[in-house]
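Visitor: I would like to learn how to read aromatic contacts in a model. Please take me through them step by step.

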Amino acid sequence: MQKGLKTRYTIYAILKILKNYSVNFDQVYLEKIKDNKFSKSDQKMIQNVVLNSMRHHLLINTIIKKFMKNIKFSSNTYFLLLSSITQLIVLDFKEFAVVNSTVELAKDKRINTSTSLVNGLLRNIIRNKKSIIKYKINFIQLPYWFTKKTSSWKEVEKEEFLRNIRDEPNIHLVFKNEKNIKNLKMPIIKTTPLSASLKTSLPLNNVPGYIEGSWWVQDLATMLPLYLVGDIKNKLTADLCAAPGGKTFQLLNYGGKVEAFEKNKVRAKLMLENLKRLNFNCKLTIQDVLTISSRKKFDLIVLDAPCSSVGTIRRHPEIFFRKKGPDFNKILSLQKKLLDKAIKILNINGVLIYMVCSFLPEEGENQINNFLKKNNNFSLARFSTQSLIFGKSFINKNGFYFVLPSKLENGILIDGFFAAKLIKNDK
């Protein structure tokens, strides 16, 4: 198979897997890249086309239905058209290259679809490109499980959400110290004295300070709760679901005596590599948190619990692209078990920070309200906003940290996130 066709077939194959299985893009992408030994430029193209195909799949679906009466959104033809129309309409690739390669790919026995259908439909779309780029999607086109859980949203919230979720996320860096951030000779938007968003997108190993371990990547929404916790120097601290490591790095940088726990060996390996790059010393235990001993106690526990991850929809558009939605019964049950485990290893007067990269009430505020009803020796503490440059509105009236995926006034895109600060009181 020719190089260009091999690249485009890989795009097709990744999209098909992500549609049908509950796996993450990063996982599938890395496996395919490893298997095929693609060049850097090919890797970038695959990543670009797959992510944009998923971010814009509802728009592409609308386009396909306008030009094709009968289409099964699980067919080989669909995945081929999804990627090719994304290249034409969203990414503005060269038209002849997209059409020719797609028609050739349609002949592949593994796809086996009509070349005349593909050729005719793509050329028809090219002829009508000016009118097509005006197409819009409606909130109701989002997955039913999601529209049901957000049925109380106002129209303005729905419109803003649709505007934001298809944008490519910013690269947000957290620095070890103010000297590191001052020495970065790149256009940035400062978010705190120790963090900034890059104004341009480029490979991370090309950003100054990468090899020296001056910074790590962490979304603004994710880093702010620990930034607002207060003094943790010398406190015995546990990060219970630690990988990919951003919160552990923060805790270490703030002077905490940290022990991190992560049950996924692959994610733990990547975290260890970053700990080494950053020259941080931390005990990382590869073990399921639910099975660790309750004898050892901590002053501060950070529980970034497994969740639907819907707050990271820009980074993980496969969440809306998948055939099936999240298993919320399983997710909520695990969150409760992890909370119950956390309180057993927390000292009296200790602090528990519960976090999820979700903005859905059942995973956030409702989960914590139910926890507080069950555990009357715990109380909710309000996050302080005195040190914030902006974002004071992220602390809601109940004292929870809560933010929807949105674009801030300074242009920074921020993920959706929820966090609660809980104090274990003496009975």
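Visitor: Is phenylalanine 400 buried or exposed?

Guide: This is a predicted model. Phenylalanine 400 has a relative accessible area of 1%, so it is buried. Phenylalanine 418 is buried as well, at 3%.

Visitor: How is a pair of aromatic rings described?

Guide: The distance of the centres and the angle of the planes describe such a pair. Rings pair if their centres lie within 6.5 Å, and the count here comes to 29 aromatic pairs. Take tryptophan 145 and phenylalanine 146: the ring centres are 5.8 Å apart and the planes stand at 85°, so this pair is edge-to-face. Tryptophan 145 counts as buried at 16% relative accessibility, and phenylalanine 146 counts as buried at 0%.

Visitor: What are the centre distance and plane angle for phenylalanine 400 and phenylalanine 418?

Guide: Their centres are 5.2 Å apart and their planes at 40°, so the pair is tilted. Phenylalanine 400 belongs to the loop between strand 10 (378–381) and strand 11 (401–403), while phenylalanine 418 is in strand 14 (residues 417–424), so the pair ties together parts 18 residues apart in sequence.

Visitor: Which residues form one aromatic cluster?

Guide: One cluster consists of Phe139, Trp145, Phe146, Trp153, Phe161, Phe320, Phe328 and Phe359.

Visitor: Where does the charged end of lysine 176 sit?

Guide: It sits over the ring of phenylalanine 280, 5.0 Å from the ring centre. In another such contact, arginine 277 lies over the face of tryptophan 215, at 5.2 Å from the ring centre.

How values were computed: Residues are numbered from 1 along each chain as its sequence is written. This is a predicted model: local features need pLDDT of at least 70, side-chain atom pairs count only at pLDDT 80 or more; totals for chains, interfaces and linings use all residues. Side-chain values use heavy atoms; hydrogens and water are left out. Rings of Phe, Tyr and Trp (its six-membered ring) pair if their centres lie within 6.5 Å; planes under 30 degrees apart count as stacked, over 60 as edge-to-face and the rest as tilted. Buried means under 20% relative accessible area, exposed over 50%, partly exposed in between (1.4 Å probe, protein chains only). Helices (H or I, at least four residues) and strands (E, at least two) are DSSP runs, numbered from the N terminus. A charge sits over a ring if NZ of Lys or CZ of Arg is within 6 Å of the ring centre and within 35 degrees of the ring normal.
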